[in-house]
Amino acid sequence: MKISCDINLRHLTRVEGHGNIRIRIESGAVREASWEVVETPRFFEAMLVGKKWENAPWICARICGICSIGHTLASIRAVENGFGFEPDTQTNRLRLLLKHMETLQSHILHLYFLVAPDFFGTGSILPLVETHPEEVQRAARLKLLANDACDLIGGRRLHPTRTVVGGFTMLPARDELRHLHHRLRAAITDLHRAGELFAGFSIPDFRRETEFVSLHGEKEYPFIGGDLKSSDGVRRKEWEYKEMSNEYCTPQSTAKWARLSRASFAVGALARLNNNFSLLHERARKLAELLQLEPVCHNPFMNNAAQLVECMHVVEDALLLIDRLLAEKPGEPRRKVRPAAGRGVGAVEVPRGILYHMYEFDEDGRIVRADCVIPTAQNHANIQHDIEALAREAAAAGMGDRDIEHFASMLVRSYDPCISCSVH
Amino acid sequence: MPGERNYLGVPAPRPKAAFFELSSCEGCQLQLFNNEATLTEFLSLIEIVRFREVMTGGSDEYAIAFVEGSVTRPDEIERLRAIRGNAELLVALGSCACFGGVNQLKNRFSDPRFAARTVYGDFPVATMEARPLADFVAVDLWIYGCPVKKEEVERIVTDLVVGKKVVHPKYPVCMECKANENICLYDLGEPCLGPITRAGCDAWCPNNRFGCWGCRGPAEGANIAQLEEIMKTRGFSAEAILDRLECFGGFRDVADELRKKTDERGRSPGA
Ligand code: SF4
Ligand code: SF4
Ligand code: SF4
């Protein structure tokens, strides 16, 4: 059957920020298929110009309410790299632990609050409070654990207060770290259950060959700093981030777009996992098996499965980090840094993919130029190409309007786009 | 809304509430879901009829509109006016909505196109100065903070629903900080706006050994000249004071004054 449809979805729901989906099919031919970003820009890179280095992490956290910890850490890393400062092991461990808890928090929020309603056929999580109380409680429990851990280490779950250039303003109490360890062990059972739930969902069968970009892990699944890698074989150093992202402006979007070896590439949980699968901890790998997730996976809907696998990985890794922190005497929380002229880049894997902050400083440590490359901005072009492919498949299969709209929305959602952050 | 909630001791329906965001990080909205322990209780207070970030669908019939974010584009003025037209009560949620928030940091450049040029080059984008909601519509209630504190939102919403008058603390953050028996940041060699900033956050930052940046705006009778004096005698630069005063927009007038007096180096690249 040659179908016709005209979908014009303004301000897609259950995503962070404002984006539109437009699909027009006429007698089986795709006339238009587009993903548009209409968010208002906030000009963070300009705001920073003329500001002293100490402002950067505090201001940049506000680029995004969901990944404020990731932005803070990328910003701190860019400043420290710019000044030639190396954080000590204790600081590195605490930062990674904090990062892990943000990943857990964000992935659980996305999987349960934003994605799960699609599979249960509800508009939001609210009806599930009545029909699936156990699942909702599980989600709340995991999210609460992660949020409490962020409070404990970063001072606050959103726009953290303890994270500063040079280290932390204060350290978490050791008995609280022990308590966190207990709760994390209990979370493993919850994540197994979550795995069973998501393994039961029928993931749309869709595949489009894609280039995946992420940090490259040497010995550990990577989250903070290191080399950059693409599944098409490109390798770069952290400070060469621009050659990896190649941002450009397009009339379709107030967020910039990015490309590398092909017309577009993807970042995020699926990209990290595709590029670093062998570095996942044991339980995480088992969970991947249960979810039938194998590298290299080219189905963007499987990003949700990858997120769940990462939840398990970060919980396992957090347990190890706490063991190591408790095995040693606590050191000084922070060390002094000396500002210097230069350029610093910080690459951090935030929940939605690789994030870069770059600052150029004058000799007093005042910012002369700033650049922030956001994961979702890197994904926009790829989402566009996916939507086109999806529209073509839908046209060929003779799908109905409502189904097309449903799948297209789910497709965009599976990227967990953080649109306001991508426009910043 | 007032008067309807209780009829002969029988509780009346929950007020319908909607959530909106203009230019923001969406952090304040997220805060409402960030306290899992009290989430269901909070949800029982009001009936949420629109909340794009977490639900599909929605209705335009609501009594209370919570608006997050500042106004930075002409189309946002239109959206805001429409929301105002629908709502009986409009709440400015968070410092972006109350004062312009971090977004207004770009207003400090004397060349209004500087920000757009820095980020987009010659590529055309629509923008204007970042402004608080009250510059365009009447605001009935302010909830301060970047981010807002969930406990405070819950208290305010409860007061609203039971028809109690909402009151904000008039005293400064220092009072809460001292009650919490924190070591004063000044004694640790760090600057802090606690003496002049409106309390209500329970000294969130100083509790974590981080100086206050004034995200909640001025306390009543805030003596800014005195704070400048304290900071100067402790050896902090005028720039360090200004950085904090201008960060969230709550001290807009003083910050504008101080900026004129301060060393301009690197500060107005748009000049
Ligand atoms: S006030 Fe702060 S937390 Fe709230 S939306 Fe604005 S930037 Fe985000
Ligand atoms: S730390 Fe700040 S808020 Fe606390 S007493 Fe000192 S000046 Fe006041
Ligand atoms: S201590 Fe100051 S900056 Fe921190 S939350 Fe309170 S008012 Fe805002």
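# Getting to know this model

Student: Which helices of chain B each supply at least two residues of the shell around ligand 1?
Tutor: A residue is near a molecule or strand if one of its heavy atoms lies within 4 Å of it. Helices (H or I, at least four residues) and strands (E, at least two) are DSSP runs, numbered from the N terminus. In chain B, at least two residues of the shell come from each of helix 1 (27-33) and helix 4 (95-99).

Student: What kind of model is this?
Tutor: Residues are numbered from 1 along each chain as its sequence is written, while chains are lettered from A and ligands numbered from 1 in the order in which they are written. Side-chain values use heavy atoms, with hydrogens and water left out; local features need pLDDT of at least 70, side-chain atom pairs count only at pLDDT 80 or more, and totals for chains, interfaces and linings use all residues, the model being predicted.

Student: How many charged residues are in the shell around ligand 1?
Tutor: Ligand 1 lies between chains A and B, and 13 residues surround this ligand, the closest being Cys25(B), Cys28(B), Ser95(B), Cys96(B) and Cys146(B). Ala, Val, Leu, Ile, Met, Phe, Trp, Tyr, Cys and Pro count as nonpolar, Asp, Glu, Lys and Arg as charged, and the others, Gly among them, as polar. The shell then has five nonpolar and six polar residues, and its charged residues number two.

Student: Between which chains does ligand 3 lie?
Tutor: Residues around ligand 3 include Arg156(A), Trp204(B), Trp213(B) and Arg216(B). By class, this shell has seven nonpolar, two polar and two charged residues. Ligand 3 lies between chains A and B.

Student: How many residues of the shell around ligand 2 are nonpolar?
Tutor: Among the residues that surround ligand 2 are Cys174(B), Cys177(B), Cys184(B), Leu185(B), Tyr186(B) and Pro206(B). One residue of the shell is polar and none is charged, while the nonpolar ones number eight.

Student: Is helix 10 of chain A roughly parallel or antiparallel to helix 11 of chain A?
Tutor: Axes are lines fitted to C-alpha atoms, for helices over the stretch in contact, with angles from 0 to 180 degrees between N-to-C directions. Angles under 35 degrees count as roughly parallel, over 145 as roughly antiparallel, 65 to 115 as roughly perpendicular and the rest as oblique. The axes of helix 10 (residues 282-290) and helix 11 (residues 303-327) of chain A come within 8 Å and cross at roughly 165°. That is why helix 10 of chain A, relative to helix 11 of chain A, is roughly antiparallel.

Student: How many residues of that contact between helix 10 and helix 11 of chain A are charged?
Tutor: Contact means heavy atoms within 4.5 Å. Residues that meet here include Glu282(A), Arg283(A) and Leu287(A) in helix 10 of chain A, and Leu308(A), Met312(A) and Glu316(A) in helix 11 of chain A. Six residues of the contact are nonpolar and one is polar, and the charged ones number three.

Student: Which loop of chain A holds Gln292(A)?
Tutor: Most residues other than glycine have a negative phi, and most peptide bonds are trans. Gln292(A) has a phi near 55°, a positive value, and a cis peptide bond with omega of about -10° joins Pro295(A) and Val296(A). Val296(A) lies in the loop between helix 10 and helix 11 of chain A. Gln292(A) is likewise in the loop between helix 10 and helix 11 of chain A.

Student: What is the omega of the cis peptide bond that joins Cys146(B) and Pro147(B)?
Tutor: Pro147(B) sits in the loop between strand 7 (141-143) and helix 6 (150-161) of chain B. For the cis bond that joins Cys146(B) to Pro147(B), omega is about 0°.

Student: How many charged residues does the contact of helix 12 with helix 13 of chain A have?
Tutor: Helix 12 (residues 375-397) and helix 13 (residues 401-414) of chain A pack at about 155°, with their axes 10 Å apart. The contact includes Ile383(A), Asp386(A) and Leu390(A) of helix 12 of chain A, and Phe407(A) and Leu411(A) of helix 13 of chain A. Nine of the residues are nonpolar and none is polar, which leaves the charged ones at one.

Student: How far apart are the axes of helix 10 and helix 11 of chain B?
Tutor: The contact is made by residues including Ile241(B) and Leu245(B) of helix 10 of chain B, and Leu258(B) of helix 11 of chain B. Helix 10 (residues 238-246) and helix 11 (residues 252-261) of chain B pack at an angle of about 155°, and the distance between their axes is 9 Å.
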